[in-house]
Amino acid sequence: MTLHVKLKVMSGAVGLVFVISVFWAVQSWVIGPQQAMDARIDSASKTLERRRADLLGQDRLQDKLDAYANRTFGWSQEEVDHALRAALSTLGESAGLSDVAVDTSPVKSIDSPGRRDFKGAAGKVMRDEVDFVEAPAIFRATGTWPQFNAMLSALSAEPWIRQVEGLRVVGKGKGGVVDVVIKLRTLFIPNREPGSMPNAQAVEWPESLAGASPFVLPPPPAPVIATPIKPGAPAKPPPPGWERWRVIFVGRIEGVDEVHLRAARGGNRQLFVGQALDGCVYLGNQVDSDGFDEALFRREGATWLVGPGATFSDRTAIAR
């Protein structure tokens with residue numbers, strides 16, 4: 001091998017070594033650190049995005065909690081108790097109800113349903129934290145059915161948080177006046193001061209409740225004006241069994257006609273309008289010339305009038 005060839009081989013080897021050295025240097029000092037930096041930047045970006053998402057979720061959660069807190073009366077038991085009494089009393093008095101009274105009961109703390117997930121000393125604060133506190137109350141008042149409806153409608157439109165647990169309405173006297181008892185509860189979040197209370201909500205009230213009071217009895221039926229048959233017209237013989245029943249009471253109780261009968265061999269019956277006995281349908285009462293009630297019955301197309309103390313055999317036929 002000539003010297004010239006040897007020099008060329010050595011020059012090629014040196015050049016190859018130089019190229020390898022440069023490539024290694026670039027890979028080690030430029031490309032490698034840059035790739036590592038890119039990986040770190042990418043990891044940091046993903047971490048930042050996760051943190052941003054967490055912060056957005058936390059913000060949304062705080063917004064929801066604030067919305068609930070704004071519908072409470074306060075953040076302490078004393079403040080909520082006073083405000084709840086005042087709110088219910090105002091609703092009742094504004095509706096025209098009388099004898100308004102509001103009683104409150106001891107509050108009840110509600111723990112987090114996920115408190116078991118907060119383990120160890122680090123989770124003690126979250127584990128012992130109270131989610132919210134329930135404050136019960138009982139509202140009592142007296143008034144008319146429209147006044148009760150006005151109060152209940154106004155309560156339904158109130159923006160503060162509430163849960164109605166019981167409602168009792170009892171008619172008094174002839175049903176024009178009712179006693180009202182409403183059992184409910186509200187809540188508050190301890191140490192979370194509410195902002196401004198939202199406006200009242202529009203509520204579409206059911207027509208069935210806005211109508212007449214269900215405790216008022218219907219008006220009595222109009223008296224039946226009977227025309228006696230012509231004198232001398234023979235009465236049909238009583239059907240078998242009529243003679244065993246005697247009318248012992250004819251009257252009107254709380255606006256409703258009724259008649260009481262007693263059988264000759266014992267046993268009493270009470271009939272209201274439309275009910276039948278031995279094929280005789282009770283039609284109601286009619287006042288005689290002396291102002292006393294007599295019972296009207298219909299059987300087989302004929303109408304009969306029977307007074308107190310009389311039996312069906314003593315009936316008087318009338319034309320209808």
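**Burial, cores and a surface patch in a predicted model**

A137 sits in strand 3 of this predicted model.

Me: Why is A137 called buried?
Reply: Buried means under 20% relative accessible area. A137 has a relative accessible area of 1%, so A137 is buried.

Me: What makes up the surroundings of A137, leaving aside its neighbours within four places in sequence?
Reply: A137 is in contact with L84, L88, V102, D103, T104, I182, K183 and L184. As for P106, 31 residues away along the chain, its C-alpha atom is separated from that of A137 by 9.2 Å.

Me: Which residues have the most contacts inside the largest nonpolar core?
Reply: They are L88, F139, L155 and I182, in a core of 26 residues. Helix 2 (77–94), strand 3 (130–144), helix 4 and strand 5 (177–188) each supply at least two residues of this core. Helix 2 gives the largest share, 6 residues. Apart from this core lies another, of 15 residues, including W245, C280, A295 and F297.

Me: What does L155 touch, leaving aside its neighbours within four places in sequence?
Reply: L155 is in contact with L88, L91, W160, R162, I182 and L184. L155 is also one of the buried residues of helix 4, among them W145, F148 and L152.

Me: How do you know that the span of helix 4 agrees with its number of residues?
Reply: The expected span is 1.5 Å times one less than the number of residues. Helix 4 (residues 145–157) has 13 residues and should therefore span 18 Å; its end C-alpha atoms are 19 Å apart, which agrees.

Me: Why does F249 count as partly exposed?
Reply: Partly exposed lies between the buried limit, under 20%, and the exposed limit, over 50%. F249 has 31% relative accessibility, so F249 counts as partly exposed. The residue lies in strand 7 (residues 245–253).

Me: What makes the nonpolar surface patch of about 230 Å²?
Reply: I248, F249 and I253 make this patch. A patch residue needs over 30% relative accessible area, and F249 is at 31%.

Me: How many helices and strands does the protein have, and what share of its residues is buried?
Reply: The secondary structure comes to 5 helices and 14 strands. Of the 320 residues, 28% are buried.

Me: What part of the contacts with a separation of 6 or more comes from residues 24 or more positions apart?
Reply: Such residues account for 60% of these contacts.

Note on methods
Residues numbered from 1 in each chain as written. Predicted model: local features only at pLDDT ≥ 70, side-chain atom pairs only at ≥ 80, totals over all residues. Heavy atoms only, no water. Helix = DSSP H or I, 4+ residues; strand = E, 2+ residues; numbered from the N terminus. Buried < 20%, exposed > 50% of the residue type's maximum accessible area, 1.4 Å probe, protein only. Patch = residues over 30% accessible without salt bridge, like charges linked within 9 Å, V, L, I, M, F, W, Y side chains within 5 Å. Areas by Shrake-Rupley, 256 points an atom, 1.4 Å probe, with all protein chains shown as cover. Salt bridge = Lys/Arg side-chain N within 4 Å of Asp/Glu carboxyl O. Core = buried A, V, L, I, M, F, W, Y, C linked by side-chain atoms within 4.5 Å. Contact = heavy atoms within 4.5 Å.
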